[in-house]
Amino acid sequence: MKKTIIILTLGVAFLMHSCDFLSIEPENMINPRDAFKNPSSIKSAMATLYLKIPVEDFNYNPMGGGTMPPGYGFNFRDNHSGFSTSFYTDESLHSTGTYAIRSIQPVGGYWDYEGIRNVNTMIGTLPAVQGLGEVDLNKYLSECHFIRAYMYFALARRYGGVPLITHVQESTEDLFVPRSTEKDTWDFILEECDRAIAYLPATWGGLGEKRATVWAAYALKSRVALHAASVAKYWNRAQLIGEAVEKGLVGGLTSADAEEWYGQSIEASSKIIEESGKSLYRPTPSNPVEAATNYQRIFEKPEDAGVEVIFCKAYTDGTTTLRQGHSTDVYFQPAQTRTSFHIWGRFNPTLDLVDLYEDYSDDGTGSSAKLVTRTGGGSEDEYVLNPGEMTGSSFSGYRKYDNPADIFRDKDARLHASILYPGSSWKSVDIVMQGGYIAPDGTPTVYKAGSVEVGDNTYYTYGGATPDRYSGFADIGQGGNFSSTGFSLRKFLNEANSVEGRVLSSTTEFIDFRLAEIYLNYAEATLESSHGDDTKAAQYLNMIRKRAGHTDNIPLTLGNVLKERRVELAFEGHRYWDLVRRREYHSEFDNRIRKSLVPVLDLTESTPKYIFVRANNYYDNDVNGMTFYNHFYYLPIPGISTNNLVQNPQY
Amino acid sequence: MEKKWLFILFCCFVPVLLWSQQTVTITGLVIDEQDNPVIGATIMEKGTQNGTITAMDGTYSINVGPGAVLVITYIGYATQEIPVGSNRVVDVVLLDDSKLLEEVVVVGYGVAKKATLTGAISQISDEDIISTKSVNTINSVQGKIPGLMIRQRSGAPGSDAFLMNVRGYDAAPLLVIDGVARPNMNLNNINPNDIESISLLKDASASIYGINADGGVIIVTTKQGKTGKTKVDYSGYYGTKSPTGIPKTVDSYTLRLMENEMSQNWSGNILHTEDELQRWKEGNLPGYGDYNWMDKMLRSYASEQQHSLSARGGTDKVSYYLSFGYQNEGGLLASNIQNSSKYDFRATLNAELYKGLWTNVNFMAQHRDIKGPRLDFIWIYKQILYADRSYEPLVPGTDHVTKVEGAEYNPYALMHEEIDGYTKNKNTAYQATVDITYDFSYVQGLQMKLLGAYDYYVNNHSNLQRGYDSYNFKTGEIDKTVPAAIPSYINQYNITRVIDLQAQLLYSNRFNKVHNVSGTLVGELLKGDGDYLRGTTKYPDIFIGDFIDLGKETESRAYGNRGRDRKLSLLGRFNYNFMEKYMAELTFRYDGTYKYAYGKRWVFSPAASLGWRVSEENFMKDIKPVSNLKIRGSYGMMARDAGDAFQWYEGYRMLGSGLGYVFDSGSLTPGLSFPAIINSNHTWVKTYTGNVGFDLSLMENKYFAIFDVFQKESKGELARRASDTPNTFGGEMPLENLNSTRIRGVEVEIGHTNKIDDFSYRVSANMTYSRKQFMKVERPAYNSSMERWRDMWAEGRYIGARWGFEDMGQYTHITQFETAPLIDRNGRYGNSKGRPGGAIIKDANGDGRIDENDMLPMYWNGQIDLGGGSFAETNPPLQYGMTLGMQWKNVDLTMVLQGASLFTLFTNNWDIWGYARTFGRGTLYEFYMDRWHTKDPNADRLDPATEWVPGYWNALMSDPSGTTDDLLSSKWILNANYLRLKSLEIGYSFSPKWLEAIRSENVRIYFNAFNLLTFCNEHVRHLDPEKAEGDYQANLTYPLMKSFNFGINLSF
């Protein structure tokens, strides 16, 4: 019996011990009490918040969103074939025609309240961190406000007024926060910018511009206020009706609001221009060739152009597990210099954009100079519907060039630095973009594979015998590795260093804010409002042109500023939002068919000549043009069946 | 020194001298129940080393001391002890051991008499298991245990891919080996020769195992030592196996004709010109030949073998069992790259250390080597399937790998280690169990047992990819569109350690000869931990060998992880029965886990069961045919520690996956993930299992029937709260204990055994039917009743409804499409692509259009909802098995039939078409020859006068979209009921005369076959209905195998 008692006692002891035995702490988590005891863990938490900033960089997929998780379209590193908001605009097309859709359904959702919750958590946690001095605390808090302003800006420009949630919601409280009005939302974002400006440092020391500085906060404010002011001013261009309008959840902005916000934008821009010490990168080139080199350099190596860069996003090689790279050099490389990856040549600038660039002979008028394709002043407004169906006789009246590059010779340096065109030199390769040939007997072969022997030479439809010898027009409508417009992207691509042919292998930094945009913001806001200084605005406009090798001054007009904006900031993600905020999308895209330039080799001459056919782009033509409807200016609010929010008009 | 030795020697001889002075001679005959003499039975004088064995005629003679007790033992028979008394002749009838085994059943933490069992427990013995031998232990069990539902998913060497569950329960059954839960071990890998018995706890009787026993419990008891002289057993077989179903494909010329036909059916265009066709017909030019990839890349047969050698014996005080097993299987790929071999070793020792203090030591070591191609079979088979038969694997006259059109990779390259690489798995397992049992002499029936187990498992996985160039078959030049991969290597270790400690108090006694009382009280501690380490590297510059440190430093990566497990339990069982007539059992468990928050860690799970042996009542005594009738019922709770640990803990983790932000050029600051919404209420999922059944035996146990009805309710299954958080909350709600399900079913087993002269036979059949119903499903409100109706996972629904279109036959004439309902083709309706042979689809809502609104819940599918939108295949709801055993003189025969019903196979139509639907994919299945086609290949398809030849399949089209042939109808969702002759074994045992000559106790040779015959719908035959599952995999996973083996059993 004694033994039994001993055993039972041992058994009870064994169970008593149990409480400790089961009480183990997780090994892979930091307790919130300890999480922010040292600056490096604050930096790590900040890294997460920065990763959630909706920067529309190389990894932004505007087709994301929808049923995808919140914020899915950002940092979209998964296997894709190259995305850009540029494809929705008149700047460029995707070579597969993916974005060429009948109506530009705005699918790019952003509803990252998870990110906002994280920022709120940080804002709530930081003041309680022991040992954090007031200076550091305020600095980190301002950083959080910058991030939160950025997030709400991304929401406001997509949805109008949204629920403003500024603290960490407990699951016990009333979670159903209604939408604020669009006006209150914009005001809140601008206040957030001010809270960010309050304590952010002018520099983070060695960190450069990848972490938010006070100048980044001003730049954000400049962009936000310009956007809000434009919506307020041009709302009437595309009026909407419905409950959301009645309640001011979208629209409901006055001309006074516009005036106020243009003023705030100008104020923020002035601060940067006058106090930040930033200047344009190499502002006075000696000739257009040098200008082109300089301009290309800004985007190829943004770290060298730090003098102009206000805020940018950096990458590390993502071919291994560190998936923090992008794929610009892989997907957007022209076919002739493609990497070993199976996708390339996807980014195709339009003829619409190419025509917009000035040449150097305009002498102060600042007007765009269309490419000259025809002889004797023939119309440059006529476009062939389908070059594949052209007959021999339809090739009359075209100007003939000895070299394909000749047609682009005197154009703006930024065209040469941003776009690969037929005959341009890229990585020591002559880029071949050819849509067909006219055989010596006058029979054309366009848009279909073929070859003809003339003397000792064999000529091919696309300019080469094998797919590694040309970059355009092959496989239109079937593949996607060749340009369908006759142009390919050069801006952002690394010419000096070849990049490994694997996705996420590019590490070229993405410039989110640079001084040129601030100059243009200032100029536009000055023209649109009673604020600002016209003289300074004209000066800023022409400084940008002079950096591009122009020597003349053009007058400060809205047309000049907006044209300059499209040219200077091409492909940087601005065009889409400029069309939205100025309410020009629906008028620009009303059965819009974007254009291609199809070089055709004329073999009827004794020496082969090039003629250039202005043509409807295959994909846009296929869908009978693209249309943007008024209600697309706002995206549908996601999840209204459970969040009880008022839906935007016409959804 | 010498004196000392002499003294010892003398002492040894003393007993011998004493014995020689006072002995009597006992003679006798040992026979079995069938009156056959038992040869080689051991007769021992109890407590001495004195013994003998029976002769050829079963007789024996032994000299023993007065008052001696004879101990008669023989393998397969119950040991008997007979006091000699004054007798000089002692004849013995040995009783079949298996009958005794049936009497005693292994239950949780102990054994119980079968007669007084109150739970739903089935048990099979070693003989039942090894009556059909297979390299897969699960194959040997399939169809034999009622309620254990098994579906084999792959025939790949070394594959453990079985879907196994009890009565359709979601959770996998808990595997208990020798009293210790060992979920890290797979039943399939236990050497079947080592198994003494397998016991299956199906109802609340499993609740004694509490934690994670809600999927039922499989208790495996391994062989122990046995008193008697050493007996050595050898068992081995060698055999071959071939696929149960592999489809044939058409030759390259026929394919081109078909492609033309498909193209003409679709658009009227011809794809290949007459000249081109002529080249394929002649087949002389490179790239126009016909190379049957299917035949050449797959072997017709693979070999398999298994050998097992064991020794067993002992005395009253010490006994042992030792065994060694070896097994090897080859694979189907022609390169012979697939191979699996397994070695196992087991040693068991029982010893009485002091009086009443026993110890049992059980040690098992196992090593498995599984080698295969770098990519899974499915990816290689897919290439084999759609490689263009016009090409050969190598450029003629070279060892250059061809770029094969149609396929993404050259299957020949993929299956050769020296070209593409390999995958290797080395699995090592050690299981050590030690227990000490003490009989308290001063309290009758009280025992204490301390048990400790330590298990150690190591998986070493390695994968090597080599790079190779592809060459153009026609020109012999390198094809640069297929760049050679950079050689890379992965090597990973996964180590798991588990400690289980148990302290048991066991009591059993009988009072006043009628009250039988027993009880068990156990305290148990479980501690597990695991380490995972993975290294990867690449060899961009030079590849010398598959070592991590030969790779490029900047390309080398390491990954690691750690897992822990801790559980504590206190459990008990109390049994009472009155004269073995009225039985009651109560069990309880009190379990704690480390996973949940304070206050949510412990769970109390009680269970109770009752039994009544009606046949023991006086009023039944007169009903002669009924030899046993027992009615029993049970109800109990079990708990499962579902969900991830530490959901209650608010903490920051690393974001992982290389996520972070680049604050400084070139260096990534890793991110911290913010705390998730915590869930302090996360706790055990509770299941409530009820079972009512009866056991009936008739005509002196010649006939028996067991019938059970069961229900299992699972409450608190994990789901995310969906309905009441807006998407502005910004946090994903945690998994909470919200959902519930119910499974109900019936289980029947009937059997008959008989013996007519030399012929004995037994036949038994079992069937299990169970279905699961959703009782509570957390989800947002439905927008409409239509949406609710269409939700397959809605509350109240039974699992397994699959929506599809109702097929009502085939159109036979083109003009029928003038009045046929219009097909939806991306919002445009029309029948312009309809052709004779096309499926007539029921326009369920009668709107004149065929679109998704016409889908009906009309098929069965085998899916379970894993939550979060992911689903897994499950067993068909109705399964049955039948075992037939016969013995006639020296010949024995065992057959196991197994089948399943109420399920369908969904073969994605792209899969079933054989990928030829996209041109350039070079195969079409031969069975499509039986199809609708025009008599004149070039006839106008739309002309009503065109003559069509009918067939089973519709007219093939190069693009099926916009036709009824593209819809999910019974053309693609096939009824997959099947019944198969799972195994068949015929044996011959040599007669004693022969055995004497070779000094052997038993020699049996046998032949067996697996998956010999299958009865099923002819259109699923080539898929193998047992295996096939899942979209996109339907026909591509490793085929099941038909195997033929020849083997021998020897005992000495």
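In this predicted model, A:Ile42, A:Ala45, A:Met46 and A:Leu49 of H3(A) are in contact (heavy atoms within 4.5 Å) with A:Asn118, A:Val119 and A:Met122 of H4(A). Six of the residues in the contact of H3(A) with H4(A) are nonpolar, one is polar and none is charged. The classes are nonpolar for Ala, Val, Leu, Ile, Met, Phe, Trp, Tyr, Cys and Pro, charged for Asp, Glu, Lys and Arg, and polar for the others, Gly among them. Local features need pLDDT of at least 70 and side-chain atom pairs count only at pLDDT 80 or more, while totals for chains, interfaces and linings use all residues, and side-chain values use heavy atoms, with hydrogens and water left out. Residues are numbered from 1 along each chain as its sequence is written, and chains are lettered from A and ligands numbered from 1 in the order in which they are written.

**Helix packing in chain A**

- Helices (H or I, at least four residues) and strands (E, at least two) are DSSP runs, numbered from the N terminus.
- Helix H3 (residues 39–51) and helix H4 (residues 113–125) of chain A have axes 10 Å apart and pack at an angle of about 155°; that makes H3(A) roughly antiparallel to H4(A). Angles under 35 degrees count as roughly parallel, over 145 as roughly antiparallel, 65 to 115 as roughly perpendicular and the rest as oblique.
- Axes are lines fitted to C-alpha atoms, for helices over the stretch in contact, and angles run from 0 to 180 degrees between N-to-C directions.
- H3(A) and H4(A) cross in a left-handed sense. A crossing is left-handed if the near helix is turned anticlockwise from the far one by less than a right angle, and right-handed if clockwise.
- Helix H6 (residues 182–199) and helix H9 (residues 255–275) of chain A cross at roughly 15°, and their axes come within 12 Å; that makes H6(A) roughly parallel to H9(A).
- The crossing of H6(A) and H9(A) is left-handed. A:Lys183, A:Trp186, A:Asp187 and A:Leu190 of H6(A) make the contact with A:Asp257, A:Trp261 and A:Gln264 of H9(A). By class, the residues of the contact of H6(A) with H9(A) are three nonpolar, one polar and three charged.
- H9(A) also packs with helix H14 (residues 515–528) of chain A, at an angle of about 145° and with the axes 9 Å apart. H9(A) and H14(A) have a left-handed crossing.
- From H9(A), A:Tyr262, A:Ile266, A:Ser269, A:Ser270, A:Ile272 and A:Ile273 meet residues of H14(A), including A:Leu515, A:Ile518, A:Tyr519 and A:Tyr522. The contact of H9(A) with H14(A) has nine nonpolar residues, four polar and one charged.

**Cores and a buried helix**

- A nonpolar core is a set of buried Ala, Val, Leu, Ile, Met, Phe, Trp, Tyr and Cys residues joined through side-chain atoms within 4.5 Å.
- The largest nonpolar core has 198 residues, and A:Met122, A:Phe146 and A:Tyr585 touch the most other members. Apart from it lies another core, of 43 residues, which includes B:Met262, B:Phe377, B:Met415 and B:Leu924.
- Not counting residues up to four places away in sequence, A:Tyr585 touches A:Tyr88, A:Thr89, A:Ile104, A:Tyr576, A:Leu579, A:Val580, A:Phe628 and A:Tyr633.
- Helix H16 (residues 558–568) of chain A is largely enclosed by the rest of the structure, because nine of its eleven residues are buried. Buried means under 20% relative accessible area, exposed over 50%, and partly exposed in between (1.4 Å probe, protein chains only). Among the buried residues of H16(A) are A:Lys563, A:Glu564, A:Arg565, A:Arg566 and A:Glu568.

**Positive phi in loops**

- Most residues other than glycine have a negative phi.
- A:Phe571 is not a glycine, yet has a positive phi of about 65°. A:Phe571 lies in the loop between H16 and helix H17 (574–581) of chain A and is buried, at 4% relative accessible area.
- B:Lys513 also has a positive phi, near 65°. The loop that holds B:Lys513 runs between strand E26 (488–511) and strand E27 (515–538) of chain B. B:Lys513 is exposed, at 71% relative accessibility.

- B:Gly899, in strand E50 (residues 891–901) of chain B, is buried at 0% relative accessibility.
- Not counting residues up to four places away in sequence, B:Gly899 touches B:Leu878, B:Gln879, B:Tyr880, B:Tyr978 and B:Leu979.
- B:Met767, in strand E39 (residues 759–776) of chain B, is partly exposed at 26% relative accessible area.
- Not counting residues up to four places away in sequence, B:Met767 touches B:Val746, B:Glu747, B:Val748, B:Leu878, B:Gln879 and B:Tyr880.
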